[in-house]
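Welcome! Here is a short briefing to read with the structure open beside you. Take a look, then follow the points below.

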Amino acid sequence: MPDARENRARPGRAARSAPAAAPDRIRLHDGRVIHFPAVMGVLNVTPDSFSDGGKYLDPGRAIEHAVEMQESGADIIDIGGESTRPVGARAVSQEEELERLLPVFRRFDGRLRVPFSIDTRKSQVARAAIDHGAAIINDVTALSYDSSMARLAAKTGSAVVLMHMRGSAEDHMRYARYRNVVIAVTGYLAARARFATRAGIAANRIIIDPGIGFAKTTQHNLALLGALPALCALGYPVLVGTSRKTFIRHIAGESPREIEFGTAAADALAVASGASIVRVHDPGAARAAIRMAAAMRGHN
Ligand code: HH2
């Protein structure tokens with residue numbers, strides 16, 4: 001449910017004063033390091049995801065696709081078993097989510113060099129993924145759906161992605177109303193990061209995400225993308241997921257090429273504005289786009 005307090009939330013002092021130094025990498029609990037800017041490749045093991053639903057339900061195809069994404073430049077593979085599409089997503093039980101994911105985890109055996117994250121709001125699903133090697137919990141509810149999630153992340157040393165949304169995965173577009181979306185999202189993420197650190201999650205394992213398309217119209221998405229430096233000033237790496245989302249189609253056009261180019265442009269500009277990770281369906285295009293952006297910002 002939308003939180004009325006969210007509209008009144010204000011970014012912390014860091015967001016208003018000199019920006020905190022943006023971390024240039026994250027060290028995972030298994031010692032692996034992800035250097036920024038990084039590409040997160042999306043692997044949806046679902047029948048109904050908005051862009052690739054049904055394509056990777058077969059575990060063999062899912063693994064093949066994960067390896068393909070790794071070869072084309074993904075630094076992280078984000079695997080999910082429940083869709084959060086704005087219209088028509090169906091909540092799935094923990095059992096069903098695990099039934100989709102476990103056969104894929106079991107077949108990762110040594111084929112993934114890059115770390116993987118688990119895109120779930122359920123702690124039991126995250127637990128199973130961690131047992132099979134996941135190093136990052138990507139929770140679109142920012143640890144608010146399942147009261148055991150924060151404890152699990154703290155206990156296992158997992159990194160967490162804290163994403164902003166309102167309502168639930170099934171009905172979030174009903175709540176796309178804000179007095180000031182940048183203030184609401186920045187304040188919310190600052191509060192969730194405080195919650196996470198109080199729960200024992202190391203500050204250097206927290207990643208924040210404005211939740212592009214989640215309870216947000218095209219105008220809200222554009223406002224947030226234009227205000228990324230304010231989010232980065234909270235001092236956490238910022239993840240941005242614009243890939244193939246409705247607002248890209250509205251602006252760039254509906255053809256597959258227009259959607260890909262629109263996504264790559266958004267990724268490049270997000271990185272140029274300070275984003276650390278882009279979450280994408282096409283890691284090859286994203287890798288090229290963010291390399292250009294990073295080089296033009298003076299990084300290599
Ligand atoms: N977007 C989607 C799902 N998970 N996680 C984070 N942190 N940030 C995002 O922007 C984000 C996310 C939606 O995209 P997709 O996974 O392709 O679709 P679906 O939810 O329909 O499976």
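Phe105 has a relative accessibility of 2%, so this residue counts as buried. Keep in mind that the model is a predicted one.

**Aromatic rings**

- Phe108 is buried too, at 5% relative accessible area.
- Helix H4 spans residues 94-108 and holds both Phe105 and Phe108; because they are three residues apart there, about one helical turn separates them.
- Across the whole structure, a search turns up three aromatic pairs.
- Phe116 is buried, like Phe108.
- Together, Phe105, Phe108 and Phe116 make up one aromatic cluster.

**Helices H5 and H6**

- Helix H5 covers residues 123-131 and helix H6 covers residues 149-156; their axes come within 9 Å and cross at roughly 20°.
- Because that angle is under 35 degrees, H5 is roughly parallel to H6.
- The two helices, H5 and H6, cross in a right-handed sense.
- On the H5 side, the contact is made by Ser123, Ala126, Arg127 and Ile130, while H6 contributes Met149, Leu152, Lys155 and Thr156.
- Sorted by class, the H5 and H6 contact has four nonpolar residues, two polar ones and two charged ones.

Definitions and conventions:
Residues numbered from 1 in each chain as written. Predicted model: local features only at pLDDT ≥ 70, side-chain atom pairs only at ≥ 80, totals over all residues. Heavy atoms only, no water. Axes fitted to C-alpha atoms, helices over the stretch in contact; angles between N-to-C directions. Helix = DSSP H or I, 4+ residues; strand = E, 2+ residues; numbered from the N terminus. Parallel < 35°, antiparallel > 145°, perpendicular 65-115°, else oblique. Left-handed = near helix turned anticlockwise from the far one by under 90°. Contact = heavy atoms within 4.5 Å. Nonpolar A, V, L, I, M, F, W, Y, C, P; charged D, E, K, R; others polar. Phe/Tyr/Trp six-rings, centres within 6.5 Å; stacked < 30°, edge-to-face > 60°. Buried < 20%, exposed > 50% of the residue type's maximum accessible area, 1.4 Å probe, protein only.
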